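Okay, quick one from me today. Have a look at the model on the screen, and I'll walk you through how it's put together.

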Amino acid sequence: RNLYRVDPACLEEPGLADSGELSALLPELARVAPPASQLPAEQRRFVFFDAFARTLRHAAQNRPVLVIFEDLHWADPASQRLLEHLVFDISDAALMIVVTTREEEENAAIARTLATLRRQDHFESISLGELSQRDLADLVERWAGKASDDLAERLHQRTGGVPLFVREAIRRLDIAAGLENPERVNELFPAAQIDWVREALAGLS
């Protein structure tokens, strides 16, 4: 829909609306026929993938396009296959695909998709490690305007430098007026308890 708002013409490519799935997602295409729902399921999925790729190709003719697949480890099989289809079909377009995933969450299905991505000529892998104590202090400073070494050290001990946990800890400290009181870190995030981490993850599921 964001792409349609920027460039409505991107959805006018001949044959694009052959995908019943795409029409269901974008009612703007409901005016066209024939419906793809008369096709077998596998063919419907291919038509949808192909239509999606053509839409992106059309958009990339006018301006570079960035597509983000966030948290691939939580993607359903259809989304994984769509990604695999795209990297083959639009490899020569002015288009970048960014995929994020957690290595510790990798399974056989994700490994297959990642293997497909790695075979592409322009593939690049960037591993994001834990934040250092200095990185963490910089993040707190951007959030609150300042950060003491004591606060950064305590937060690093409680979060292990994991960006998701760091962000959630800073947010909770800010709410509890604890960014100026490092002792509150131990109070809000006891070392033996990880409930606050579980809550942070639950908010993303």
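Val-65 sits across from Leu-95 of β2. That's one spot in a parallel pairing: β1, residues 65–69, is joined to β2, residues 95–99, by five bridges. For pairing, DSSP has to find at least two bridges between the strands. And the elements are DSSP runs, numbered from the N terminus: helices are H or I with at least four residues, strands are E with at least two.

Before I go on, this is a predicted model, so local features need pLDDT of at least 70, side-chain atom pairs count only at pLDDT 80 or more, and totals for chains, interfaces and linings use all residues. Numbering starts from 1 along each chain as its sequence is written, and side-chain values use heavy atoms, with hydrogens and water left out.

Back to the strands. Together with helix α4, residues 77–89, β1 and β2 form a right-handed β-α-β unit. Right-handed here means that, with the strands pointing away from you, the path from the first strand over the helix to the second runs clockwise.

Now the packing. The largest nonpolar core has 20 residues, and Leu-56, Val-65, Leu-86, Ile-90 and Leu-95 have the most contacts inside it. A core, by the way, is a set of buried Ala, Val, Leu, Ile, Met, Phe, Trp, Tyr and Cys residues joined through side-chain atoms within 4.5 Å. α3, β1, α4 and α5 each give two or more residues to this core, and α3 gives the most, with six. There's also a second, separate core of 13 residues, including Leu-136 and Val-185.

Which residues does Leu-95 touch, leaving aside neighbours within four places in sequence? Leu-56, Val-65, Val-67 and Ile-90, where contact means heavy atoms within 4.5 Å.

Zooming out, the chain has ten helices and two strands, and 34% of its 205 residues are buried.

Notes
Buried means under 20% relative accessible area, exposed over 50%, partly exposed in between (1.4 Å probe, protein chains only).
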